[in-house]
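Good morning, and thank you for the time.

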Amino acid sequence: MNDEELGRCRCNGGELLPGRVCGDALSFYRRVLREGTACLDAAPPCLRALGLVADDPGAPGATTAVPPEAAAIAALRPIEEAIADQQRTYRSVQAMLSVFTRTYDDARKHEQPTLTVLTGAQVISNALEAAVDGCREELLTAQPGGGRPAHLLGEALAREVRMLARGVRQRTLYQHTVRSHAPTLAYIEQVTAAGAEVHTLVEVFERMIICDREVAFIPTSEERSDSALQIRHPALLRFLAALFDNAWARSVPVGTGDVPARSPLITSDVQRAILRAVVSGETDDSIARRMGMSRRSVAKHISRVSQQLGSGSRAQLGYLLATSGLLWRGEPARLAPPGRRF
């Protein structure tokens with residue numbers, strides 16, 4: 001077989017098998033069947049590779065046709081044997097791995113799970129209390145959604161005062177809107193007096209509690225219902241702690257007279273975030289949830305800005321804000337008097 005013939009065949013398990021039927025193979029095979037013999041050298045390579053022609057024992061240099069059923073035995077048997085051998089190897093490797101799988105699973109049974117879903121308000125509260133009471137060095141908390149209910153603040157205060165008394169450092173992030181929420185401000189005053197640090201941002205990424213960067217708690221859904229995920233996986237804990245540290249670096253401290261609730265910085269942050277959400281097409285409900293404000297407060301704020309800009313519709317307000325460049329300046333947002341354009 002020459003190089004051209006070899007190029008028309010492919011090798012499989014040491015045997016040459018055709019990639020496709022040669023162009024004149026069928027006509028040659030018909031001629032051999034009709035005439036009984038033909039020149040062996042003229043036989044197409046795919047016929048010889050498949051065993052469909054054989055040497056004519058009565059005529060040297062001549063070839064005869066072989067029935068496809070007979071040729072199939074010789075051509076397919078090596079392939080079937082190779083497949084069977086691979087299947088035996090597959091089952092053998094699978095059996096060996098199953099032994100190690102059982103050993104692995106047995107060993108992991110004694111390890112503490114890295115992710116655990118906690119369901120029910122009391123279960124979550126108990127887990128948080130145990131984690132905070134076990135804190136040795138640091139507690140990080142992020143609390144979005146504006147002011148918190150008084151009963152939750154009372155539970156948190158009792159836990160955290162005990163912890164702070166042991167010398168644990170506590171850092172807490174809230175949204176700017178809590179600066180006008182009396183119960184939360186009262187809690188902040190007490191917890192900072194005990195040694196905690198409290199900062200605010202215009203937006204906080206999500207509710208989160210991290211103890212000693214060894215265990216964290218986050219909600220399992222956007223609604224923050226009575227279900228939480230307890231995390232002990234080191235990589236996830238590093239990620240969450242880095243997220244917190246990044247937000248903390250951009251936050252504003254809350255202290256005794258440091259930054260008043262209505263300071264230009266706080267007001268500008270809140271205003272700019274609401275107006276950017278308007279430009280993005282968010283609804284009042286969506287903005288209120290994200291900013292930790294009431295829907296009514298958001299609507300009043302947007303209405304006031306619309307009047308100052310002379311906007312007659314939500315779409316026009318979004319256009320005016322987007323084209324003015326007001327929301328992307330470094331200084332606090334300052335609105336023009338009614339009727340003026342930027």
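Predicted model: local features only at pLDDT ≥ 70, side-chain atom pairs only at ≥ 80, totals over all residues.

I begin with Ala194, which counts as partly exposed because its relative accessibility is 33%. Residues are numbered from 1 along each chain as its sequence is written, and side-chain values use heavy atoms, with hydrogens and water left out.

Where does Ala194 lie? Ala194 belongs to the loop between α7 and β9, the latter spanning 197–201. Helices (H or I, at least four residues) and strands (E, at least two) are DSSP runs numbered from the N terminus. Once neighbours within four places in sequence are set aside, Ala194 is in contact with Val161 and Leu164, contact being heavy atoms within 4.5 Å. Gly167 is 27 residues from Ala194 along the chain, and their C-alpha atoms are separated by 10.0 Å.

The largest nonpolar core has 27 residues, and Tyr187, Cys211 and Phe217 have the most contacts inside it. At least two residues of this core come from each of α5 (121–133), α6 (150–165), α7 (182–193), β10 (208–211) and β11 (215–219). Apart from this core lies another, of 17 residues, with Ile274, Val298, Leu309 and Leu317 among them. By nonpolar core I mean a set of buried Ala, Val, Leu, Ile, Met, Phe, Trp, Tyr and Cys residues joined through side-chain atoms within 4.5 Å. Tyr187 itself touches Leu153, Ala156, Leu157, Glu160, Gln170 and Tyr174, not counting residues up to four places away in sequence.

**Strands around Cys211**

Which way do the side chains of β10 point? Met208 and Ile210 face one way, Ile209 and Cys211 the other way, and all are buried. In a regular strand the side chains alternate between the two faces of the sheet.

β10 pairs with β7 (residues 138–143) in the antiparallel sense over 4 bridges; two strands count as paired if DSSP finds at least two bridges between them. Leu139 stands opposite Cys211. β10 is also joined to β11 by 3 bridges, again antiparallel, and there Val215 is the bridge partner of Cys211. The hairpin of β10 and β11 has 3 residues between the strands, and Asp212 takes a positive phi near 55 degrees.

A separate topic is the open sheet of 3 strands, with the order β3-β5-β4 and antiparallel pairing. β3 (38–39) and β4 (53–55) each have a single partner strand, so one side of each is left without a neighbour in the sheet. Between β3 and β5 (residues 62–65) there are 2 bridges, with Cys39 partnered by Ala62.

**Salt bridges**

How many salt bridges does the structure hold? There are 12, each defined as a side-chain nitrogen of Lys or Arg within 4 Å of a carboxyl oxygen of Asp or Glu.

Arg136 lies in the loop between α5 and β7 and Asp212 in the loop between β10 and β11, so the pair ties together parts that are 76 residues apart in sequence. Arg136 is exposed at 52%, whereas Asp212 is buried at 12%.

Arg169 and Glu197 form another, at 2.7 Å, N to O. This pair links distant parts of the chain, Arg169 in β8 (residues 169–175) and Glu197 in β9, 28 residues apart. Both partners are partly exposed, Arg169 at 39% and Glu197 at 28%. Beyond these pairs, salt bridges that share partners join Glu138, Arg171, Arg213 and Asp245 into one network.

Finally, in helix α4, Asp85 and Arg88 are 3 residues apart, about one turn of the helix, and form a salt bridge with their closest N and O atoms 3.7 Å apart.

Methods
Buried < 20%, exposed > 50% of the residue type's maximum accessible area, 1.4 Å probe, protein only.
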